[in-house]
Amino acid sequence: MIPGKYAEKIPTPLTHMKCLKCGTINSRPFKEGDYVFKEVEEKCPKCGHNKMRIIGIYVKEEKEKKSKLL
Amino acid sequence: MAWLLQFAGRTDLLSLLMSLLWFIFMLIFLIYPTFSQKIQLSYMLRDIERKLLRLKYFRDEVRKRTIQHLNKYSDENIKVDEGVDRLLGSVVIEPIDRDPYGIMYKLEHIVNTWEETFENEVRALCPKADEKTVKTLTNLVEVARGLDYIYRVIRHYYLLGKKTSNIYIVLQVQMILPQIMEIAKAYRQASYAFAQGQPIGDGVGVLAVAKLVDGMEKKTYEIAKDTVVQETLWNGRRLLVLRAKGPGGAVGKPGEGVKKLIEAEGDKIKAVITIDAGLKLEGEESGKIVEGIGAAIGGIGVERYKIEEISKAKGIPLYAFVIYESVAEAITPMKESIAKAAEMVVERVKKLISEKVGEGATIIVAGIGNTVGIGMT
């Protein structure tokens, strides 16, 4: 009924992971079941190690124009 | 015909008709002085009706999403939609405040009973859900309940203003509606966050204390409902880090936890530090960190009352760290600036401890917030 005009974009957070071996930080779109400090079995793109730790889940912000009042 | 055209000095029929129309129009305002108010009222009612339809859409969408998610963990013989509708319409009656003595403990009793009952109702609707999921689903139903309440209140004032043709009621609703719509949009986004278990802005306090003790050797134990203490040593000081248990959505009982710790430790506690999200003013930057004195903890006041009461009794200073964010940012998926602020707060807390508290002392550091999407370290 209402959507179309009012269909708003829901921001999807990114899951940031750190390789437990080489320390490389990688990110991908959030998946249900992710939580901060969870250890996941995903392959590190740099060293190929298959254990990473989620260090952050947040929405990337777009840079806004700052007004003279700020 | 010519005498008629001479009326008002016109030379043709069309300009005469236009003059007559203007005359009749002005006469209406003379005979019917509230006509302009009626026009204004009908314009305002139409504006409110449009926004009310949008609120209804949000309410229905969040209700549908809540039922869908609860159904995933339910059984075939359980009527989830009826259960959710019952929970959406449930009320909490605050204790009477005519005699305010002892009201905090009465309020605590009602709130505890409410929280326990609400959670048990959700648990009964979702027997297949584990404890962590029940907590997150409870938060989801609370979001749906909040949005339903906003819709019903605005609908009430709209219908009341329409029924009584009272422009003052309608004007007040119209003036506040833009802010209400922003809150409703935030609730809608919050339902996505809770449905999927994403961390929200309000969890920044918990995230900060989790990062504080990450990698340290610590002893973890439960101190109150959904609340844990992580005992560790840092820079010659003993830290008692208190937070709600994640990664399910819980806020715990930090006030009760701080009270029990101080009662158990006695004079060993030299400071209580609280870290929480706070409301920013328009124009302020999200993620800005401010330090202050007092208990940085929101809610209805029961938990804050306990921290203040016990700290005053024992003469323990209260230090607060507040991370600024808007109402919408507090209940929607955590933004990058707020996540980065959690890391910066850790350094500020360490600096404060080093400067204000001597070696060998014990400090309580309480991370306040909703732990949805934030695990234990």
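This is a predicted model: local features need pLDDT of at least 70, side-chain atom pairs count only at pLDDT 80 or more; totals for chains, interfaces and linings use all residues.
Local features need pLDDT of at least 70, side-chain atom pairs count only at pLDDT 80 or more, and totals for chains, interfaces and linings use all residues. Residues are numbered from 1 along each chain as its sequence is written, and chains are lettered from A in the order in which they are written.

**Exercise 1.** State how chain B is divided into domains.

*Solution.* By an automatic or database domain assignment, chain B comprises domain 1 (2–31), domain 2 (35–196) and domain 3 (201–367). Taken over C-alpha atoms, the centres of domain 1 and domain 3 of chain B are separated by 76 Å.

**Exercise 2.** Determine how helices H5 and H6 of chain B are oriented to each other.

*Solution.* Helices (H or I, at least four residues) and strands (E, at least two) are DSSP runs, numbered from the N terminus. Axes are lines fitted to C-alpha atoms, for helices over the stretch in contact, and angles run from 0 to 180 degrees between N-to-C directions.

Step 1. H5(B) (residues 103–125) and H6(B) (residues 131–164) pack at an angle of about 110°, with axes 9 Å apart.

Step 2. H5(B) is therefore roughly perpendicular to H6(B); angles under 35 degrees count as roughly parallel, over 145 as roughly antiparallel, 65 to 115 as roughly perpendicular and the rest as oblique.

Step 3. B:Phe118, B:Glu119, B:Val122 and B:Arg123 of H5(B) meet B:Val134, B:Leu137, B:Thr138 and B:Val141 of H6(B); contact requires C-beta atoms, placed from the backbone, within 7 Å.

**Exercise 3.** Determine how H9(B) and H10(B) are oriented to each other.

*Solution.* Step 1. H9(B) (residues 254–265) and H10(B) (residues 302–314) pack at an angle of about 20°, their axes 7 Å apart.

Step 1. These two helices, H9(B) and H10(B), are therefore roughly parallel to each other.

How values were computed. Two residues are in contact if their C-beta atoms, placed from the backbone, lie within 7 Å.
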